[in-house]
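Here is a short tour for a reader meeting this structure for the first time. Keep the sequence and the 3D view side by side as you read.

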Amino acid sequence: MEVLFYHLTGRTLEQALPQLLEKTLARGWRAVVQAGSPERIKALDDHLWTYTDESFLPHGTDSAADQTPILLSLSDARGAADVLFAVDGVPFPASEGWQRVVILFDGRDEEAVTRARLTWRDVKARGLPATYWQPDETGRWMQKA
């Protein structure tokens, strides 16, 4: 399992997540986006249908777990996908059966940054490969660690 930390500094979650989900689907992987509240699930659900005029991301919520390549859920829904996207500071998954875990955190929220740092230390202590990504001045993701 590989763990990727995405530090959202110049972008919001709503701006960054669709691009990362598109890349995940292009690899032939299924994804779970685990959020911290039903309100966030609803907002992401609405957003992923309309984030661009040219396309949409096929997704569903817990009731469609077996029928969709992207699942929006309050749990990590292990077994439903290859990649877990953890947002809103949800806890790092207990199971290690994922291909990849992507942790997105808001760089303008000091609590979120602190949680991400603690999770980074935990991931490294477990001996898992981890990378840290931050956008450059053009908005392109650059690996920093």
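Two strands pair if DSSP finds at least two bridges between them. With that in hand, look at one such pair. Tyr-6 stands opposite Trp-133 in strand 7. The model shown is a predicted one.

Strand 3 covers residues 60–61 and pairs with strand 4 in the parallel sense, over 2 bridges. Here Thr-61 has Leu-72 of strand 4 as its bridge partner. Strand 4 also pairs with strand 2, again in the parallel sense, over 4 bridges. In that pairing, Val-32 has Leu-71 of strand 4 as its bridge partner.

What happens on the two faces of strand 4? In a regular strand the side chains alternate between the two faces of the sheet. Both faces of strand 4 are covered. Ile-70 and Leu-72 are buried on one side. Leu-71 and Ser-73 are buried on the other.

Helix 2 comes next. This helix has 13 residues and reaches 19 Å from its first C-alpha to its last. That is close to the 18 Å expected at 1.5 Å a residue. Which residues of helix 2 are buried? They are Ile-41, Leu-44, Asp-45 and Leu-48. These residues cover an arc of only 105° around the axis, which puts them on the same side of helix 2. An α-helix has 3.6 residues a turn, so residues three or four places apart point the same way. The buried residues of helix 2 are covered by elements including helix 1, strand 2, strand 3 and strand 4. The face turned away from the buried side carries the exposed residues Glu-39 and Thr-50.

Now go inside. In soluble globular proteins, nonpolar side chains tend to be buried together. The largest nonpolar core in this model has 25 residues. Those with the most contacts inside this core are Tyr-6, Leu-17, Leu-21, Val-33, Phe-85 and Leu-104. Several elements give two or more residues to the core, among them strand 1 (2–8), helix 2 (38–50), strand 5 (83–86) and strand 6 (100–106). Helix 1 gives the most, with 5 residues. Take Leu-17 as an example. Leaving aside its neighbours within four places in sequence, Leu-17 is in contact with Val-33, Leu-44, Phe-85 and Leu-104.

Strand 1 and strand 7 run parallel and are joined by 4 bridges. Strand 7 and strand 8 run antiparallel, joined by 3 bridges. In the second pairing, Gln-134 stands opposite Met-142 in strand 8.

Thr-131 is buried, with a relative accessible area of 17%; the cut-off for buried is under 20%. Beyond four places in sequence, Thr-131 touches Val-3, Leu-4, Phe-5, Trp-120, Gln-143 and Ala-145. Its side chain also makes a polar contact of 2.8 Å with the side chain of Trp-133.

Finish at the turn. Strand 7 and strand 8 form a hairpin with 5 residues between them. In the turn, Gly-139 has a positive phi of about 95°. Thr-138 is found in the loop between these strands. Is Thr-138 buried or exposed? At 65% relative accessibility, Thr-138 counts as exposed. A polar contact of 2.7 Å joins its side chain to that of Asp-136. For a sense of scale, compare Thr-138 with Pro-38. The two are 100 residues apart in sequence and 33 Å apart in space, C-alpha to C-alpha.

Conventions:
Residues numbered from 1 in each chain as written. Predicted model: local features only at pLDDT ≥ 70, side-chain atom pairs only at ≥ 80, totals over all residues. Heavy atoms only, no water. Buried < 20%, exposed > 50% of the residue type's maximum accessible area, 1.4 Å probe, protein only. Polar contact = N/O pair within 3.5 Å; in protein donor to acceptor, adjacent residues only side chain to side chain. Contact = heavy atoms within 4.5 Å. Core = buried A, V, L, I, M, F, W, Y, C linked by side-chain atoms within 4.5 Å. Expected span 1.5 Å × (residues − 1). Arc of directions from axis to C-beta.
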